[in-house]
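This briefing summarises selected features of the structure shown below, which is a predicted model.

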Amino acid sequence: MRLPPRISRRFLGLAFALAGAAPLLATPSNKAALERHYDRFLEKNLARCTTCHLPSDIKEPESLDDFPHNAFGNRLRILGEELDKAGKPKGIATRLALIAQEDSDGDGVANEIELLLGKNPGDSKQTPAAEEIAGAQAKQTEFARFIASYRWQPFERVQRPPLPAISNPGWVRTPIDAFIAAAQEEHGLKPRPEAPKSILLRRVYLDLIGLSPTPEEQRAFASDLSPDAYEKVVDRLLESPQYGERWGRHWMDIWRYSDWAGWTDGKQVRDSQRHIWRWRDWIVESLNADHGYDQMVVEMLAADELAPNDPETLRATGFLVRNYKMLSREQWLEDTVKHTSQAFLGITLGCAKCHDHRTDPISQAEYYQVRAIFEPHQVRTDRVPGVLDREKDGVPRVYDIDKDAPTYFFIRGDERRPDKDRVMQPGVPRALCGDRLKPALDITRVALPADAASPDKRDFVIRDTLLASEQLLLNARDAFTKAKTANQITERKFEFAIAEARHTALLAEIRAEQIEAAGNKSGDDWKEAAEETMRAQNEAALFETELGLYKLKTAQADARQILDDLPPPTEAEIADPYQAKREKAANDLKTAEGKIGAAEQAFAKAGAQANGDATTGFKPRPKDDYPAVSTGRRLAFAKWLVQNDNPLTARVAMNHLWLRHFGRGIVATPENFGFNGARASHPALLDWLAAEFMANGWKMKPMHRMLVTSNTYRMTSTPDAADLQLDTDNLFLWRMPTRRMEAELVRDNLLYVAGSLDLTRGGADIDQMQGLTSKRRSLYLRSASEKEVEFLKIFDGPSVNECYQRHPSVMPQQSLALANSELTLAQSQVVAKRLSEQAGANAEAFVRQAFERVLSRIPSDDELGACLAFLNAPSNDPAQAPDPMRLRENLILVLFNHNDFITIR
């Protein structure tokens, strides 16, 4: 049925923009599900809302409620209601399968046949001709085969598929090889042989620790003929502390690590927070300890509710702290919802902020339910032992500031138009819950320990506060003993008395705090401590006002003396040489006299207070106090995320691992597993990996080991003409893909092959301006929107805004950087000097060692000849012959610019 142009446009627009008030309506996501179920078998004319809906009879329709279902759509709707009532899965794919052989429009032809023939199964006027029906059998058979194949259903619970049977089981080293081999055989591909030992060793070193093997390590592997020689290398690398640094950078990409950004020399933080590097160290340490991914996710989202008194664990909440936006709370929460869902679930939940998701079964209301999980949270910085100034150091972390903070439904996503009649409760998208997960979160408020609510009352903060006060007292005493003039002696004496009184007050106040914490505030001990605090504070105030009055009177006397000592103004018509000095002294006198009255009143008031009876109303020391109860929302959400029945979390994590080992994810859009994302190239393999991952306690190291010890990983990267013709893009992995080094690996290995890399781990971020001079790993260099290392940026370093996968480029600037940068030139000199000390005058030995050191392989005969010719080239003018060491430095520089140096083969 054809819609009038005006109604058709309005219908389609509203079908996409306003759909979704009721979960069983034909929303855009249901339309997308219909397309996904029938895939290539669905004609374009049926990939429309009109496959299930009729045009509206209302002149100005406002929602899909105004567009009635046709017979086919109505059958889907009724079936969905029945399944929902029975507590059974009711996804569109399930419903389409259940009514495939029914005849919804009563024209005598089954729904599925009509859909396969491009006819609308809800319109009896679109009945296929007899000859069309007779010719549909082949298409039905092909579609049945397609349906019976392993389907990519990321929103369904993970179930471990059986290993496929293959014709060459001897090729299988680990289970993943069976899935890869099955796809190879299906497409007529033959896997490439195993890579040479030198290439395989460099590949796995760079993959697991980000550093190339030394010549000594290369020779040891080459000489180890035991059958498990390679596996022993893998195990050693996975236990190396450099593993956490290498893979920490990968996860920092995914989780959007960013150091703080701001203005006015760091006095005003705009994005992220100071000391966010502590989260980076937590990532590295957690990976090295092989903490479960599920544990890491929970700690990043809710460590303050899970372990509120553990600063080591609290570092994990840097994941949320990183989203801080000083200028916009709305943008802050939008980023939190968007990137939490993309990082852990691989869904573009942010697309549902203004309307129901156009392709995935996520409503706009569900977006705000997820936002409600994060609505109460705020950021703070807790002190660390030995440092009271939190600008110098601290632990940035999150906490819930308002347990009753409402989340309103924003009309069309506009924060200026909140619907205050719709207060959204925390929840998750129903489509991700399947038949096992509850769509309602199990939220319980968390009572926090006293130290978490009042962190400045912790023992080490009190200790550091007292030490700082004692140091001030010592400094004041030292200054007093060193004073020389009468004024200095008097002022320093007052300052010493003030410091002494303040210290006495602090000691008494802390004693009062401790008595109160023990529940004895009503006793005489607390009263005595409180009164002592008050007396000392009054005494300090008296000395402060007396010192202020003394300084004003001294200034008054000094100004008068200057005026008295100056000669009287001259009446001559020449400039008075003392005019400026006279004016300044007069102004100083006026200022002092103007303030003396107020100072005398303050001194008198302070004296009266000091001489009066002490009370318990002392002024408390500056402390930060926070709510003693957290909402528990984030903890409930985090636990929901890492349930084994969650369909996405493990799949997304395993896809990220695969992507970084093989250069392309099984799902090529790692941040989007929805309908608009890429289809999985090996869906059964990804499901098997996800199931195995969870069965292994969400541990990553066993999964790394399985991947890198597989035959799939061990293949050579050299092409084969026949396979290349069948699978140009190597989608089915008949060879190991070659990859460019990431920016950090380029810089780190320039330093490492020269022996210059400082392997110190952890610590504060290093100024990005030291990118070419610092010897630390690139992981530790400061990275923020306006704080990037230019060298890393040239080699496609990570975007701090979003970096779910990197997109390498080949640009002239990269060659220029490797050929001319201060870093490369300096390390070329270091390598040349080091190798020359070993090789002496033997040019051939130098060349061979240079190839081993820089490229992790021996040179070919042609390469050796070319290098020797370069080093030994005669000069027509001996007086201008190049320096032999300079030639060697230039040869190392050439090797740093070699394609094999920046390529992982």
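**A buried loop residue**

Ala-754 lies in the loop that runs between helix H30 (743-752) and helix H31 (790-794). The sections that follow turn to the nonpolar cores, a helix and a strand.

**Surroundings of Ala-754**

- Ala-754 counts as buried because its relative accessibility is 4%, which is under the 20% cut-off.
- Leaving aside residues up to four places away in sequence, Ala-754 touches Gln-827, Val-830, Val-831 and Arg-834.
- Val-854 is 100 residues from Ala-754 along the chain, and the C-alpha atoms of the two are separated by 8.5 Å.

**Nonpolar cores**

- In soluble globular proteins, nonpolar side chains tend to be buried together.
- The largest nonpolar core in this model holds 162 residues, and Trp-251 and Trp-255 touch the most other members.
- Helix H26 (residues 683-695) gives the most to this core, contributing nine residues.
- Among the residues touched by Trp-255 are Trp-279, Ile-283, Tyr-293, Met-296, Met-300 and Phe-319, with residues up to four places away in sequence not counted. Arg-322, Ala-343 and Phe-344 are also touched by Trp-255 on that basis.
- A second, separate core has 17 residues, including Leu-42, Phe-72, Leu-115 and Leu-116.

**Helix H3**

- Helix H3 comprises 15 residues (71-85) and reaches 21 Å from its first C-alpha to its last, close to the 21 Å expected at 1.5 Å a residue.
- The buried residues of H3 are Phe-72, Gly-73, Leu-76, Leu-79, Gly-80 and Leu-83. Viewed down the axis of H3, these buried residues fall within an arc of 125 degrees, so they line one face of the helix.
- Helix H4 (92-98) and helix H5 (111-116) are among the elements that cover the buried residues of H3.
- At the start of H3, a side-chain oxygen of Asn-70 comes to within 3.1 Å of the backbone nitrogen of Phe-72.
- Just after H3, Gly-87 adopts a positive phi of about 70 degrees.

**Strand E4**

- Strand E4 (residues 395-400) is mostly covered, with six of its six residues buried.
- Both faces of E4 are covered. Val-395, Arg-397 and Tyr-399 are buried on one side, while Pro-396, Val-398 and Asp-400 are buried on the other.
- Strand E3 (residues 377-382) runs antiparallel to E4 and is joined to E4 by six bridges.
- Opposite Val-395 in E4 stands Asp-382.

Terms used. Residues numbered from 1 in each chain as written. Predicted model: local features only at pLDDT ≥ 70, side-chain atom pairs only at ≥ 80, totals over all residues. Heavy atoms only, no water. Helix = DSSP H or I, 4+ residues; strand = E, 2+ residues; numbered from the N terminus. Expected span 1.5 Å × (residues − 1). Buried < 20%, exposed > 50% of the residue type's maximum accessible area, 1.4 Å probe, protein only. Arc of directions from axis to C-beta. Contact = heavy atoms within 4.5 Å. Polar contact = N/O pair within 3.5 Å; in protein donor to acceptor, adjacent residues only side chain to side chain. Pairing = 2+ DSSP bridges. Core = buried A, V, L, I, M, F, W, Y, C linked by side-chain atoms within 4.5 Å.
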